[in-house]
Each structure stands twice: as structure tokens, then as C-alpha cells.
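Here are my notes on this model, point by point. Please read them with the coordinates open.

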Amino acid sequence: MTKNVLFYARSSTTPHLGACFETQLHYAKRFIKQNGWSLDAVCRDEDIGEVVFTAQPGARKLLGHIEEEAIDVVLCHTLDRLCSRHAVAERLLHDLRAKGIEVWAADPGVQIKANDLIEYYCDDQRGMFGRGNPLAPMPDELYEAEHLAPLSYGYRYTGAFNADRQYIFGFRKVDADAGNAVQQIFQLYAEGMSPAKIAALFNTLGVVGPHGKPWRDSMIRGDRTQRTGILNDELYRGRSWVPGRDCFDFVPALQLVAEDLWHRVKQRQHMAARGVAK
């Protein structure tokens with residue numbers, strides 16, 4: 001019976017650790033042809049290091065096809081090109097099995113089953129599945145990002161090991177590049193530059209905006225009364241909102257903007273509202 005196949009590839013930035021996208025696709029197409037299947041979709045991500053599985057655009061596209069139940073097989077070149085860690089592979093296979101979708105690896109040409117994952121990730125240290133490490137600093141739990149509240153621009157989730165060597169995910173920390181952009185926004189605005197001009201400058205310089213989108217005036221300006229927009233987010237001054245308590249906790253590790261700069265920005269916003277400044 002002809003099966004509809006979704007091929008997923010994750011390009012390697014270090015060629016000696018994994019095949020490039022073109023190589024993976026070449027062998028996948030040959031394997032699909034040998035089995036008389038049909039290539040229905042291709043999803044692709046870059047191997048950018050430690051990242052939550054669902055944060056990758058190719059993975060999101062893959063999960064969308066799963067929800068539509070339009071495919072019969074998820075195919076990868078080697079299992080590590082689909083899931084770099086045991087935890088995410090286990091959850092993914094569970095969800096696929098519930099929808100009757102098979103997972104295959106073109107090399108070595110076998111169907112991947114949940115019972116085989118321990119061997120692939122933990123026991124087969126010589127093969128292409130042997131790079132799994134339960135104590136690696138960032139486990140790719142399939143749905144961990146969806147269980148946590150979205151973070152303000154400038155921050156990211158991370159985790160740490162407890163005394164029992166269990167990895168606890170969900171801690172917040174400053175993202176260096178985005179955090180630097182936040183500081184520049186506050187400084188430029190305090191010095192007289194409008195949100196529209198700041199957005200245009202950042203787009204010209206190639207600074208990545210929130211959610212990877214181009215910068216817009218509204219992202220920066222926001223609404224003071226609703227506490228929206230970069231210039232109105234209390235977290236940048238280290239004040240973390242406490243749900244249900246109608247108050248803030250002060251978190252010094254998350255502070256990106258000094259109090260004097262924050263108040264200079266608030267003063268300019270007040271003047272702008274009165275028509276004195278733009």
C-alpha cells in the first residue's frame with residue numbers, strides 16, 4: 001500500500017557529526033522510492049544547538065501535519081536528525097503511535113519503535129544514535145515550552161539539575177542579544193529617538209525582533225495603561241508580576257534597565273502624552 005511520507009531533516013553545522021540537508025534528502029527519496037511510498041511533505045530545521053523541539057519552525061510544521069493526520073510515515077535520515085534526545089523521541093513516538101503514524105529511519109532503513117529508544121540513545125555509543133546524554137544541560141521535552149507562560153522579549157527559559165540529578169526546566173534568564181537590544185531601546189528613547197525611528201534603525205541593522213519578526217513602532221511604544229510594549233514592561237526593571245496577588249516581586253537577576261533610565265523614559269512618555277515630545 002502506498003504511504004504518504006513526511007520527511008524531516010535537521011542540518012548539521014558540523015559536517016563530521018551529521019549529513020547536510022541535501023544528503024539526507026537524497027537518501028530519503030531513494031528509500032521512499034524503494035518502498036513505493038509517496039513524499040508528501042518536507043520539514044527542515046537548522047542544528048542551532050540547545051533548543052526546545054517545538055520552538056523550531058520545521059518541528060512546528062511537522063506537528064501541524066500530525067494534527068491533520070494527513071501522513072502515514074515520518075521519515076528521517078537517522079534518528080538523531082529527528083530527535084537529538086531520548087525524552088523528546090519518546091514523547092513524539094507516543095503521539096505518532098496514537099494517530100497510527102509510523103517513524104522510519106532511511107539509514108539503516110528500519111522502523112523506529114518506542115522499545116528500541118533506550119538502545120539507540122543509551123547503548124549504541126558507536127553508531128549514529130549514540131549521542132544521547134541524560135545529563136546534558138538542555139533536555140528537549142516536546143511540549144515543555146507550551147506548558148510555560150510566554151516570556152517577554154529579552155528573556156529565555158533554561159533549567160538546572162537538582163540534588164537528585166533531575167533536570168528542572170522553567171527558570172528564566174536574560175537572553176544576551178535580545179537583552180542588549182532592550183537596553184538600547186530604552187537608552188535611545190530617553191535620548192529623544194521615537195519608537196518608529198528605533199524600529200527602522202533596528203530593521204536596518206538586522207536586529208531580530210520579538211518572535212523573529214521585523215520591528216514595528218507598536219512593539220516598542222505599546223500602551224502605558226495596559227503595560228504592553230517594550231517601554232512599558234515592568235520586568236525590564238526587575239519587577240516580576242505575581243499572578244493572583246496583584247503585586248510585583250523584585251528579581252535583580254532579570255533587571256535590564258536601571259531605575260534612573262526607567263524613570264527618564266516614563267518622564268518622556270508623560271511629556272509625549274501631553275504633546276510636548278514625540
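1. Terms first. Two strands pair if DSSP finds at least two bridges between them. Helices (H or I, at least four residues) and strands (E, at least two) are DSSP runs, numbered from the N terminus. With that in place: the bridge partner of Leu6 in E3 is Val74.

2. Provenance. This is a predicted model, in which local features need pLDDT of at least 70, side-chain atom pairs count only at pLDDT 80 or more, and totals for chains, interfaces and linings use all residues. Residues are numbered from 1 along each chain as its sequence is written, and side-chain values use heavy atoms, with hydrogens and water left out.

3. The sheet. An open sheet is formed by 5 strands, in the order E2-E1-E3-E4-E5, with mixed pairing. E2 and strand E5 (110-112) are the edge strands, each pairing on one side only. From one strand to the next the twist averages 30°. Angles run from 0 to 180 degrees between N-to-C directions, and axes are lines fitted to C-alpha atoms, for helices over the stretch in contact.

4. Strand E1. How many of the 8 residues of strand E1 are buried? The count is 7, so E1 (residues 4-11) is largely enclosed by the rest of the structure. Buried means under 20% relative accessible area, exposed over 50%, and partly exposed in between (1.4 Å probe, protein chains only).

5. Partners of E1. Strand E2 (residues 38-46) pairs with E1 in the parallel sense over 8 bridges. Ser11 stands opposite Glu46 in E2. E1 also runs parallel to strand E3 (residues 73-76), joined by 3 bridges. There, Val5 stands opposite Val73.

6. Helices H6 and H7. Two packed helices are described by the angle between their axes and the distance between the axes. For helix H6 (residues 176-190) and helix H7 (residues 195-205), the angle is about 140° and the axes are 10 Å apart. H6 and H7 are therefore oblique to each other. The classes are: under 35 degrees roughly parallel, over 145 roughly antiparallel, 65 to 115 roughly perpendicular, the rest oblique.

7. Their contact. Contact means heavy atoms within 4.5 Å. H6 contributes Ala181, Gln184, Ile185, Leu188 and Tyr189, and H7 contributes Pro195, Ile198, Leu201 and Phe202.
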